[in-house]
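Hi there,

Here is the structure I promised to pass on. Please have it open while you read my notes.

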Amino acid sequence: MQPQAPRPPLVISHREKNAQRIAALDEQAERLRLKPGMGIADARAMHPGIEVVEADPAADRRLLEGLADWCDRYTPLVALDGADGLFLDITGCTHLFGGEKALLDDLLARFFHQGFDVRAGLASTPGAAWAVARFRSPDIVEPGAEEKMLEPLPLAALRLESVTIAGLESVGLRNAGAILRSPRAPLARRFGAALLARIDQALGRIEEAISPRLPVAALSVERHLAEPVGLIEDIERLVLLLATSLKTDLERRGEGARALQLLLFRVDGVVSRISVGTSRPQRAPAQIARLFHERLAALEDVLDAGYGFDLVRLSVLAAAPFDMAQTDLAGDVLQGEEDLALFVDRISARLGTEAVHRPVTVESHLPERAVARQSYAMTVGATALRVMPAAAERPIRLLAHPEQIEVMAAEIPEGPPARFRWRRVLYDVVRAEGPERIAAEWWLENVESPTRDYFRVEDAAGRRYWLFRQGFYGEDKAGPCWFMQGLFS
């Protein structure tokens, strides 16, 4: 078997100011004294054997977001830092991993086994942590020691613009220590307030917030697994255990879950997020497990367990006050809307939130606008569908949009038609009732809706239709238009 030829040094290029320059490079290229920002032509002239690959910012962004998802195992407060870094706010989380050093070691070890060469630093301010990660990795800076740590580092450790760094070096200020020892007023006059802001952020004199890329869940419970699991049945059992733990916290808060998310952390760094919603606040573990059973069944062919999941987390993304269910004298919960809501939730978990709709009333008296279909979850608590009085009979089926018909004859100009053609079929009218006039919605601006006169008509075969005439005779030389609105049973 022939040994594989060594891979040539790899250089990633990107276009900058109409020139191809080095954006990133591997360790072999670094040993050749190539640096980011150098022109590709110069690099090829020095080392013709290098391999050059065009940068793909979109792919880099997807990879960084995937790593950010995986870092949720340490803290829910994960923010993107430009195109090549992450900020993790681990305040209050370190004790879960045995302390700061144990957390940092675990993070670096897991990234290494996934094939990533990362640099990490831990400090009490984002600015100091940024400097440690890029210039002193891996290291932990104790609170109050930020200035001592920054002194020997280059100016780039203060997260300054390249123009500012060039200006500082031109006056002999070549490292962060020289900046920290210089008077602030002359620096602000010459280089602007942004320089002082970066210094104060690194030293903790002014607050610098980290904006997480995803909303933080109101409640979360998780379980670390000694042995990874990959079977759907094992995941469902874990969901039931986590939902049971979650119930205690929900009861203490007097709330029920309206949106839940199951996070499955794969051992190779891939994270699967599975979400379900409820039409009513829910905290019963069996019902929550049933919803995720439906969702997992729908994703069975898509969910890839790989080498297994070693961390499972159940989070409440949205909660609402939980009203206790009314019981009868025997102590049984009264059935009705609760069963319907559970049925809809299970269908939605398997087929999607748009699988179940129900009609809701709309502020319009035009028949095709008076009722709209909306997702069941969105219509909980909405106005119930009105039942029209018997005097205003309505067809059992309304067309989505009125369809124009051709009227052959009418008894009188303002009366019902004697014959009409609809969908290329001719109908003779033997009975008719009407008209019922529905005027235009005059309170709406820029809406053209002429007055309508509705008729209930019956043909020779006993079929009944709901027709209307739009407009009046004499208003237009072509006369009014006739439309089919619906069919009676």
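This is a predicted model: local features need pLDDT of at least 70, side-chain atom pairs count only at pLDDT 80 or more; totals for chains, interfaces and linings use all residues.

Residues are numbered from 1 along each chain as its sequence is written, and side-chain values use heavy atoms, with hydrogens and water left out.

The pLDDT is the predictor's confidence in each residue, from 0 to 100. Its mean over the protein chain is 86, and 90% of the residues reach 70 or more. Please be careful with residues 381–391, where the pLDDT is below 50. Beyond near neighbours in sequence, that stretch has 10 contacts in the model, a contact being heavy atoms within 4.5 Å.

Now to the sheet. Helices (H or I, at least four residues) and strands (E, at least two) are DSSP runs, numbered from the N terminus, and two strands pair if DSSP finds at least two bridges between them. Four strands make an open, antiparallel sheet in the order S8-S11-S9-S10. At its edges are S8 (219–229) and S10 (271–282), each of which pairs on one side only. From one strand to the next, the twist averages 15°; axes are lines fitted to C-alpha atoms, for helices over the stretch in contact, and angles run from 0 to 180 degrees between N-to-C directions. Eight bridges join S9 (residues 255–266) to S10 in the antiparallel sense, and leucine 263 stands opposite arginine 273 in S10.

Helix H11 (residues 232–253) lies across S8, S9, S10 and S11 (309–321), at about 155° to S8. The helix has 22 residues and reaches 31 Å from its first C-alpha to its last, close to the 32 Å expected at 1.5 Å a residue (the expected span is 1.5 Å times one less than the number of residues). Which residues of H11 are buried? They are Ile232, Ile235, Leu238, Val239, Leu242, Ala243, Leu246, Asp249 and Leu250, where buried means under 20% relative accessible area, exposed over 50%, and partly exposed in between (1.4 Å probe, protein chains only). An α-helix has 3.6 residues a turn, so residues three or four places apart point the same way. The cover over these buried residues includes S8, S9, S10, helix H12 (285–298) and S11. After H11 comes glycine 254, with a positive phi near 65°.

Glutamine 282, in strand S10, counts as buried because its relative accessibility is 16%. Leaving aside neighbours within four places in sequence, glutamine 282 is in contact with Leu250, Gly256, Ala257, Gln287, Ile288 and Phe322.

A few backbone details may interest you too. Most residues other than glycine have a negative phi, and most peptide bonds are trans. Asparagine 18 has a positive phi near 60° and sits in the loop between S1 and S2 (19–25); with a relative accessible area of 71%, asparagine 18 is exposed. Arginine 159 also has a positive phi, near 60°, but arginine 159 is buried at 14%. The bond from serine 137 to proline 138 is cis, with omega near -15°, and so is the bond joining glycine 434 and proline 435, with omega about 5°.

Finally, a search of the whole structure finds zero disulfides, a disulfide being a pair of cysteine sulfur atoms within 2.5 Å.

Best wishes
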